[in-house]
Amino acid sequence: MINLSFNKDNIKINLKAKICENTFLKKYLDFEYFTNLCKTGCPNYKTSWACPPNSPKFDDFAKGYKYSIIFIGYSTLKDDNDLSQVHTNLKNILTPMLVKVEDKLDGVLTSFGGSCSRCKNCAYINNEPCYFPNLMRYSMEAMGINLDLMSKEMFNHSISWDSNSKDKYCTVIGSVLFNDFQNEEYFKSIINNLFN
Ligand code: SF4
């Protein structure tokens, strides 16, 4: 497993990454359950081409790709930190890494979570086709992956923290699907080149 930490824009980021076959990730897929959670609890439901009910099942999306490299980035919250701001900062800092890996591997990335924010108003609301279909990306949770279970089992990292604990942190999870196998050293060099 890749395990790195670095500082960027005054944020200390811990990064873990692991390569696996996409068939292995099917064990974390529960599309009906997680898209129903979106339906009942997320304001983005039915507002974007990238979110349920428009997002595909992960195994359909992964067809044609043998491997994924999963990235988990997390940062400790200080007392005055706003969780959603730290979440946005983490996504903004780490997304260029996914784009770089996607480009190098001729793969396709899944975003670091949340809805697609490329356009101010998603074309879906206007009943139009996606304005940037080549740039729009889905998150793993929008495709029915149980991120908490995956994170615990693959990375020994729980996404949610105990509210009584002082150890509060924010986690983002994204991945790149690809075919030509590369070892972890290859990915480390990409990450180091971007963040050191
Ligand atoms: S690229 Fe724009 S239109 Fe397409 S899903 Fe994202 S926000 Fe919607």
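Which residues in helix H2 (residues 31–41) are buried? The legends below take up this point and others in a predicted model.

**View 1. Helix H2 has a buried side and an exposed side.** Phe34, Thr35 and Cys38 are the buried residues asked about. They cover an arc of only 95° around the axis, so they fall on the same side of H2. The other side of H2 carries exposed residues: Glu32, Tyr33, Lys39, Thr40 and Gly41.

**View 2. A cis peptide bond joins two prolines.** The residues are proline 52 and proline 53, and omega is about 5°. Proline 53 sits in the loop between H2 and helix H3 (58–61).

**View 3. Five strands form an open sheet.** The strand order is E1-E2-E3-E5-E4, and pairing is antiparallel. Strand E1 (2–8) and strand E4 (108–110) are at the edges. Each has a single partner strand, so one side of each has no neighbour in the sheet. On average, neighbouring strands are turned by 20° against each other, direction ignored.

**View 4. Strands E2 and E3 run antiparallel.** E2 spans residues 11–21 and E3 spans residues 67–76. Eight bridges join them. Lysine 16 stands opposite isoleucine 72 in E3.

**View 5. Asparagine 10 has a positive phi.** The angle is about 65°, although this residue is not a glycine. Asparagine 10 belongs to the loop between E1 and E2. With 6 other C-beta atoms within 10 Å, asparagine 10 is exposed.

**View 6. Aspartate 106 has a positive phi in the loop between H4 and E4.** Its phi is near 55°, in a residue other than glycine. Why does aspartate 106 count as exposed? Because aspartate 106 has 9 C-beta neighbours inside 10 Å, and a residue with 12 or fewer is classed as exposed.

**View 7. A shell of 14 residues surrounds the ligand.** Cys116, Cys119, Cys122, Ala123 and Cys130 are the closest. By class, the shell holds twelve nonpolar residues, one polar residue and one charged residue.

Note on methods:
Residues are numbered from 1 along each chain as its sequence is written. This is a predicted model: local features need pLDDT of at least 70, side-chain atom pairs count only at pLDDT 80 or more; totals for chains, interfaces and linings use all residues. A residue is near a molecule or strand if its C-beta atom, placed from the backbone, lies within 6 Å of it. Ala, Val, Leu, Ile, Met, Phe, Trp, Tyr, Cys and Pro count as nonpolar, Asp, Glu, Lys and Arg as charged, and the others, Gly among them, as polar. Two strands pair if DSSP finds at least two bridges between them. Helices (H or I, at least four residues) and strands (E, at least two) are DSSP runs, numbered from the N terminus. Axes are lines fitted to C-alpha atoms, for helices over the stretch in contact, and angles run from 0 to 180 degrees between N-to-C directions. A residue is buried if 20 or more other C-beta atoms lie within 10 Å of its own, exposed if 12 or fewer, and partly exposed in between; C-beta atoms are placed from the backbone. The arc is that of the directions from the helix axis to the C-beta atoms.
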